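Let's walk through a protein together, one question at a time. Keep the sequence and the 3D view open while you read.

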Amino acid sequence: MGLLKITEIMKAKLFLTVVALMLCCSLYAQNATQAKRILDKTAAIVGRKGGAAADFTISGGSYRRTGGSIAIKGSKFMASTPQVKVWYDGRTQWSYTKSTDEVNVSRPTEAQRAAMNPYSFVTMYRSGYNLSMKIINGAYRIHLQATNKSRSVQQMYITIGKNYLPMTVKLLQGKHWTTINIRNFHAKNQSDALFVFPAKAYPNAEIIDLR
């Protein structure tokens, strides 16, 4: 085989490789754009101005499998399980443990907020994450991968139905995965007072300030 022919073959292979890479990049960009579009629609429904409510179960990581209910309004939430109640007003979090009659007051990390509020992704996905998506069993499964290793939530999988309501949120905290299954989501107007610890209702609770 002549040198000229070998050179032509190498050029052809290089051209095909470049074309393949360009196609892959184009498909990845389209996939990420579609994932963001779906999350935008979901965020618009979940983050409605008046608020919403849902039931959930949580398992994995440091959580025993348990169920409860949650009320949300923007970044605010109030979650209740048989063991714990949590109020978050967008800045301060109060966690009341029934067995000890204690209230821990804190400024939670992103990962802690995400674990207690499965709808925290409504704002998280907009910056600092690469997005990709697959369709599995008729639902959208969106993967969020942090672009900065200092983010407390490095990865998250959100499964969203064709009605643009989230079904499952799976997030990575350190080396452990936590899974939150969501059901019975519905719009419900919520008062801002709901997201602040009602001290008068727990007069004997011990307050532990961790801020």
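Lysine 76 lies in strand 3 (residues 76-80); strands here are DSSP runs of E with at least two residues, helices are runs of H or I with at least four, and both are numbered from the N terminus. Heads up: this is a predicted model, where local features need pLDDT of at least 70, side-chain atom pairs count only at pLDDT 80 or more, and totals for chains, interfaces and linings use all residues. Residues are numbered from 1 along each chain as its sequence is written, and side-chain values use heavy atoms, with hydrogens and water left out.

Q: Is lysine 76 buried, partly exposed or exposed?
A: Buried means under 20% relative accessible area, exposed means over 50%, and partly exposed is in between (1.4 Å probe, protein chains only). Lysine 76 has a relative accessible area of 23%, so this residue is partly exposed.

Q: Which residue's side chain makes a polar contact with the side chain of lysine 76?
A: A polar contact is a pair of N or O atoms within 3.5 Å; within protein, one must be able to donate a hydrogen and the other to accept it, and residues adjacent in sequence count only if both atoms are side-chain atoms. For the side chain of lysine 76, the pair comes in at 3.4 Å, and the partner is aspartate 192.

Q: Where is glutamine 93, and is this residue buried or exposed?
A: Look along strand 5, residues 93-97, to find glutamine 93. Its relative accessible area is 7%, so glutamine 93 counts as buried.

Q: Which side chain is joined to that of glutamine 93 by a polar contact?
A: The contact spans 3.4 Å. At the other end sits the side chain of serine 95.

Q: How much space lies in the second largest pocket?
A: On a 1 Å grid over the protein atoms alone, a pocket is an open set of points where a 1.4 Å probe fits, with protein on both sides within 12 Å along at least five of seven lines; lining residues have an atom within 4 Å of a point. Grid points are joined across faces, edges and corners, and the volume is the space filled by probe spheres set on the points. For the second largest pocket, that gives about 220 Å³.

Q: Which element gives the largest share of the lining of the second largest pocket?
A: Helix 2 (110-116) and helix 3 (121-124) are the elements that give two or more residues to this lining. The largest share is three residues, and they come from helix 3.
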